Amino acid sequence: MAALDAVVVEGVIVARDGRAATTARRTLEGQRARVAWLFVLPMLVAIALVAAWPLARTVAFSFTDAYLSDLDHWRVIGLANYVNLFQDGVWWQAVGITLAFAIASVGLETLLGLAIALTLNAHMPGRGLLRAAVLIPWAIPTVISARMWGWMLHDLYGVVNAALLKLGLIDAPWAWLAEPRLAFAAVVAVDVWKATPFMTLLILAALQVLPQEIYQAGKIDGVPPVKMFLRVTLPLIRPALLVAIIFRGLDAMRVFDVIYVLTGNNPATNTMSVYARQQLVDFQEVGYGSAAATSLFLIVALATAVVITVGRVNVSETGERP
């Protein structure tokens, strides 16, 4: 009697020859794919409602001359908004400010987050309390923290100027949120204070799953700690570090709340998001503002693609080595 090509044991197909094994594997993969789509479908619907549809309307409005006061009457004008936008020097100034803000804030957050994560990863008393304390800036809503820092940086009544005057570091109060260079430095500092815990947590999570046998072997061989960090720790946490930088870079390039609450429409801190909001709300030019918002989306997507390509980040690598 001919042997069966495959049998089913407890709901799993077990094959007896190569051809049946291939068929069984494909059947099982198909079943898993259908189940996966069932789980993912609610999330895709939610994303389509809260993200895809508004984005599609924004892109559509960018090709019109719509105004906020009269959204029922508009006409298609093609690429005119984009032509005017790319000829606007204020827009390119906003692009430069956004890139400078992203590079400065993400760079500082990465260095500080790495230093704090290495400290918290060490065996020391009170480590749990320190980890909880690090989360406080991240837990405070951005608008509240920005308003709090706005009071602290007030030129007449702020505690920052009072402390600097008492220490003798300055001779007169500084207008932190009015003077252009100080305003940019202030918003970067506030963003770094707010977002450094995010970088710390991601880097700390990567550090805690590293194999300790490597460090024990390095200690036995007498490898200096700095060399151990550069040759072992940093390469192992590189994928997680790049993912954290990408996430924070996305947030930094589309930053709005912390800058608008602190400095409003100050030209020195006028990022792309602030520029788009000003065109949409203050000037009520929905078409032109939508073109600015769409351009912001494209620039962020391009920057993300460049970072992923240069850093060679892939899903399998981040899954295998945190």
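The mean pLDDT of the protein chain is 84, and 89% of its residues reach 70 or more; pLDDT is the predictor's confidence in each residue, from 0 to 100. This is a predicted model, in which local features need pLDDT of at least 70, side-chain atom pairs count only at pLDDT 80 or more, and totals for chains, interfaces and linings use all residues. Residues are numbered from 1 along each chain as its sequence is written, and side-chain values use heavy atoms, with hydrogens and water left out.

**Confidence along the chain**

- Confidence is highest in helix H2 (residues 80-86), at a mean of 94, and lowest in helix H14 (residues 315-320), at 43.
- Residues 1-15 have pLDDT below 50, and this stretch has 20 contacts in the model beyond near neighbours in sequence; a contact means heavy atoms within 4.5 Å.
- The pLDDT is also below 50 over residues 313-322, a stretch with 17 contacts beyond near neighbours in sequence.
- Where pLDDT is low, predicted coordinates should not be read in detail.

**Overall make-up**

- The protein chain contains 14 helices and 2 strands; helices (H or I, at least four residues) and strands (E, at least two) are DSSP runs, numbered from the N terminus.
- Of the chain's 322 residues, 33% count as buried; buried means under 20% relative accessible area, exposed over 50%, and partly exposed in between, with a 1.4 Å probe and protein chains only.
- Among contacts with a separation of 6 or more, 65% are between residues 24 or more positions apart.

**Nonpolar surface patch**

- Val 35, Trp 37, Phe 39, Val 40, Leu 41, Met 43, Leu 44, Val 45, Ile 47, Leu 49 and Val 50 form a nonpolar patch on the surface, with about 1,100 Å² of accessible area together.
- Patches are made of residues with over 30% relative accessible area and no salt bridge; like charges are joined within 9 Å, and nonpolar side chains (Val, Leu, Ile, Met, Phe, Trp, Tyr) within 5 Å.
- Val 35, one of the patch residues, lies in helix H1 (residues 18-61) and is partly exposed, at a relative accessible area of 41%.

**Salt bridges**

- The structure holds 6 salt bridges, each defined as a side-chain nitrogen of Lys or Arg within 4 Å of a carboxyl oxygen of Asp or Glu.
- Asp 65 and Arg 75 form a salt bridge, with the closest N and O atoms 3.1 Å apart; both residues are in the loop between H1 and H2, 10 residues apart.
- In this pair, Asp 65 is partly exposed at 24% relative accessibility, whereas Arg 75 is exposed at 54%.
- Arg 248 pairs with Asp 251 in a salt bridge whose closest N and O atoms are 3.6 Å apart.
- Arg 248 and Asp 251 are separated by about one helical turn because they are 3 residues apart in helix H10 (residues 225-253).
- Arg 248 counts as buried, at 4% relative accessibility, while Asp 251 is partly exposed, at 27%.

**Helix H12**

- Helix H12 (residues 272-282) has Met 272, Ser 273, Val 274, Tyr 275, Ala 276, Gln 278 and Gln 279 as its buried residues.
- Gln 284, which follows H12, has a positive phi, near 60°.

**Two threonines**

- Thr 119 is in helix H3 (residues 89-121) and is partly exposed, with a relative accessible area of 42%.
- The side chain of Thr 119 reaches the backbone oxygen of Ala 115 at 2.9 Å.
- Thr 119 and Leu 130 are 11 residues apart along the chain, and their C-alpha atoms are separated by 9.8 Å.
- Thr 263 is in helix H11 (residues 257-263) and counts as buried, at 12% relative accessibility.
- Leaving aside residues up to four places away in sequence, Thr 263 touches Leu 177, Ala 183, Val 187 and Thr 269.

Definitions and conventions. Areas by Shrake-Rupley, 256 points an atom, 1.4 Å probe, with all protein chains shown as cover. Polar contact = N/O pair within 3.5 Å; in protein donor to acceptor, adjacent residues only side chain to side chain.
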